[in-house]
Amino acid sequence: MLAQAACKVGIKPLVIDLWGDQDTRKYAEDMQKIPTLAAGHLLPAIDYFLGRYPVVCAVYGSGFEMYPECLKLMGDRLILLGNSPEVFARLHDKPAFFPLLTALQIPYPEVSFYTPDQEENWLIKPMQGQGGVGIKRYRMGEIVDLLSYWQKYQEGEPHSVLFLADGKNSQLIGFNKQWTIALNARDEFIFSGIINSADLSIGQKKQLSAWVAKLVAALSLKGLCSLDFIQSGNNCYVLEINPRPPASMQLYDADLLTRHIKACQGELLDYQLDQLGFTGYQIVYAQQDMQIPDDFEWPEGIVDIPNVGSIISIGQPICSIIDHSKEPDKVLEQLRIRQELIINQLNRFQTHGI
């Protein structure tokens, strides 16, 4: 996503990536594929680029939620065009984040950092996580990891708001509706897709805009970020902030990478949303263990295409779909049809050993 956005504006991206899929290889000027973002893997990749290119800045995406200390190590070598490691860590310090929401009078589903006395529909959530990984329903007596906390399950529709920030001020880009998928008993709320359409009232949008403004000022947020929340009737409840360019930036026909960089440098460029129709993004997960065949023909609109011969385990992402239409329902229908087509065709290859 970031490599493609860079190419569109004439930047030659040097990429460190965990997947090294066909899209990334196509757009990257040079690439280092690493197995994890742990220091032992990340730092040699950074040093590779520093030894070959006059690079001084870096834009980071997802993945550092599990390795916040490595974000600081990268910041020691490069100028980070994004939120500082300190801000990033503060947002993932849940015992501090939720009291901040309370102080700012921003509602959120009840949380607990101690074992609840009663089951009462609690969820277990990891302190550091992304994309819903590790979130599951709590059962009384269950042994819970020390790096987890409890949050009441809130009925409603998951949404997000994409925004830019310069450390003091905010600029809203758009409101989005999200959906999740249950992959297994451990991962029941995995991020699956998003569309830049949200059934929110004008009052709710104004309220969310005010919350974003408060949080930007309180946390000194910079660049492209997203605020995840649950809409339940007339009420909205904040879940978390993703303090880096999120998947929803792909839904908007605008040069958001340049705006992200400028915002991190303290400048919010004028933004006029001039977009016809709606765009949706869907992740396709493997329903069985599989290997990507040599001559598989990917349908139009597929991104994050895995390399030929890649072995993908059940529950792992295969690829993603991006679709656009004048009506949001049409977008959702097209995403569903294309997902079924990909799954069925890939499963057929595995069954027949072609």
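Me: How far apart are the mean positions of the positive and negative charges in the protein chain?
Reply: This is a predicted model. In it, the mean positions of the 30 positive and 41 negative charges are 4 Å apart.

Me: What makes the protein chain as compact as a globular protein of its length?
Reply: The secondary structure comes to nine helices and 18 strands. The radius of gyration is 20 Å, and the globule rule gives 20 Å for 354 residues. The two values are close, so the chain is as compact as a globular protein of that length. The C-alpha trace spans about 55 × 45 × 45 Å along its principal axes.

Me: What share of the residues is buried?
Reply: Buried residues make up 48% of the 354 residues. The accessible surface of the chain comes to about 17500 Å². Carbon and sulfur atoms hold 50% of that surface.

Me: Why is Ser248 called buried?
Reply: The cut-off for buried is under 20% relative accessible area. Ser248 has 2%, so it counts as buried. Ser248 sits in the loop between β13 (235-242) and α8 (256-264). Leaving aside neighbours within four places in sequence, Ser248 is in contact with Leu162, Asn176 and Ile194.

Me: Why is Leu162 called buried?
Reply: Its relative accessibility is 0%. Buried means under 20%, so Leu162 qualifies. Leu162 lies in strand β9 (residues 157-166). Not counting residues up to four places away in sequence, Leu162 touches several residues, among them Ser248, Cys225, Tyr252 and Leu256.

Me: How far is Leu162 from Gln316, in sequence and in space?
Reply: Leu162 and Gln316 are 154 residues apart in sequence. C-alpha to C-alpha, they are 26 Å apart in space.

Me: How do you know that the disulfide count comes to zero?
Reply: A disulfide needs a pair of cysteine sulfur atoms within 2.5 Å. By this rule the count comes to zero. Take Cys57: the nearest cysteine sulfur, that of Cys264, is 10 Å away. For Cys225, the nearest cysteine sulfur is also that of Cys264, at 7.9 Å.

Me: What share of the contacts joins residues at least 24 apart?
Reply: Among contacts between residues at least 6 apart in sequence, 61% join residues at least 24 apart.

Notes. Residues numbered from 1 in each chain as written. Predicted model: local features only at pLDDT ≥ 70, side-chain atom pairs only at ≥ 80, totals over all residues. Heavy atoms only, no water. Helix = DSSP H or I, 4+ residues; strand = E, 2+ residues; numbered from the N terminus. Rg over C-alpha atoms; globule rule 2.2 N^0.38 Å. Buried < 20%, exposed > 50% of the residue type's maximum accessible area, 1.4 Å probe, protein only. Contact = heavy atoms within 4.5 Å. Areas by Shrake-Rupley, 256 points an atom, 1.4 Å probe, with all protein chains shown as cover. Lys, Arg positive; Asp, Glu negative; His and termini not counted. Charge placed at Lys NZ, Arg CZ, Asp CG, Glu CD.
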